[in-house]
Amino acid sequence: MNADDESIRLLDLVSALRRAFADPAGADAAAHDEIGRVEALLAAATAVPNPARPTHHPLTKQLPAVLDLASRQAPDIAAALRPVAAHLPWRYGYAPRDDAPGLDAAMGWTELIGPLAPIVSREVCFGLTLIGPHTHYLPHRHPAVELYRILVGHPHWTMGSTTSSRTPGEATLHDSNVVHAMRTESEPLLAIYSWTGDVDTPSAWA
Ligand SMILES: [Fe+2]
């Protein structure tokens with residue numbers, strides 16, 4: 001794939017993700033307000049992507065199975081993601097912990113729009129989070145306001161002291177510094193995420 005083809009496919013993916021993200025179904029009033037904020041900031045991001053630098057994160061081994069599930073649960077996203085999925089900058093940024101060996105290989109995210117992403121914005125982050133099967137993304141928090149839109153999977157989702165099961169299409173809003181965690185069973189979780197507010201301070205274990 002040459003650089004122009006890669007740019008076009010990345011922009012196609014971002015367009016498909018923005019359509020799914022902005023779907024009013026599955027979003028309550030607070031989530032809907034945040035979607036509006038994110039959309040305005042995404043519209044102001046640079047129009048031409050820099051080349052994505054693939055990281056060859058071990059998570060990429062899970063992409064074929066995730067794409068097969070996505071083709072049933074989110075077919076438009078699967079079609080746009082399949083050509084570029086393995087070339088995206090998947091990464092993991094938490095400090096290692098003795099009670100979660102291998103977590104760094106079992107989950108991660110790829111930022112498509114953001115301060116260090118192929119499409120540059122200083123105001124908003126927008127990308128995909130992927131959590132492999134039977135994985136607990138342990139409690140964490142960050143000052144940025146975060147909105148997730150589930151594409152694939154039925155994870156257990158904890159926000160504050162409440163845990164519930166989630167389904168594809170649902171939007172979940174995390175206010176600044178709210179502690180949250182996700183746990184998968186046999187299915188992975190693939191979700192769109194956005195950050196607004198303090199997008200420079202990284203997430204940390206709670
Ligand atoms: Fe988060």
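Asn 177 is partly exposed, because 13 other C-beta atoms lie within 10 Å. The cut-offs are these: a residue is buried if 20 or more other C-beta atoms lie within 10 Å of its own, exposed if 12 or fewer, and partly exposed in between, with C-beta atoms placed from the backbone. This is a predicted model: local features need pLDDT of at least 70, side-chain atom pairs count only at pLDDT 80 or more, and totals for chains, interfaces and linings use all residues. Residues are numbered from 1 along each chain as its sequence is written.

**Loop residues with positive phi**
- Asn 177 sits in the loop between β9 and β10 (180–183).
- Its phi is near 65°, a positive value in a residue other than glycine.
- His 134 also has a positive phi, near 50°, and is not glycine.
- The loop between β4 and β5 (136–141) holds His 134.
- His 134 counts as exposed because it has 12 C-beta neighbours inside 10 Å.
- For background, most residues other than glycine have a negative phi.

**Overall build**
- The protein has five helices and 12 strands. Helices (H or I, at least four residues) and strands (E, at least two) are DSSP runs, numbered from the N terminus.
- The C-alpha trace spans about 45 × 35 × 30 Å along the principal axes.
- Of the 206 residues, 38% are buried.
- Among contacts between residues at least 6 apart in sequence, 74% join residues at least 24 apart. Two residues are in contact if their C-beta atoms, placed from the backbone, lie within 7 Å.

**Open sheet**
- Five strands form an open sheet in the order β8-β7-β10-β5-β12, with antiparallel pairing. Two strands pair if DSSP finds at least two bridges between them.
- β8 (162–165) and β12 (204–205) stand at the edges with a single partner strand each, so one side of each has no neighbour in the sheet.
- Strand β7 (residues 156–159) runs antiparallel to β8, joined by four bridges.
- Trp 157 stands opposite Ser 164 in β8.

**Strand β4 and its partners**
- Strand β4 covers residues 124–131, and eight of its eight residues are buried.
- On β2 (residues 107–114), β4 has an antiparallel partner over six bridges. Met 107 has Ile 131 of β4 as its bridge partner.
- β4 also pairs with β11 (residues 189–196), antiparallel, over eight bridges. Here Val 124 has Thr 196 of β11 as its bridge partner.

**Helix α2**
- Helix α2 (residues 29–43) has 15 residues and reaches 21 Å from first C-alpha to last, close to the 21 Å expected at 1.5 Å a residue. The expected span is 1.5 Å times one less than the number of residues.
- Its buried residues are Glu 34, Ile 35, Val 38, Leu 41 and Leu 42.
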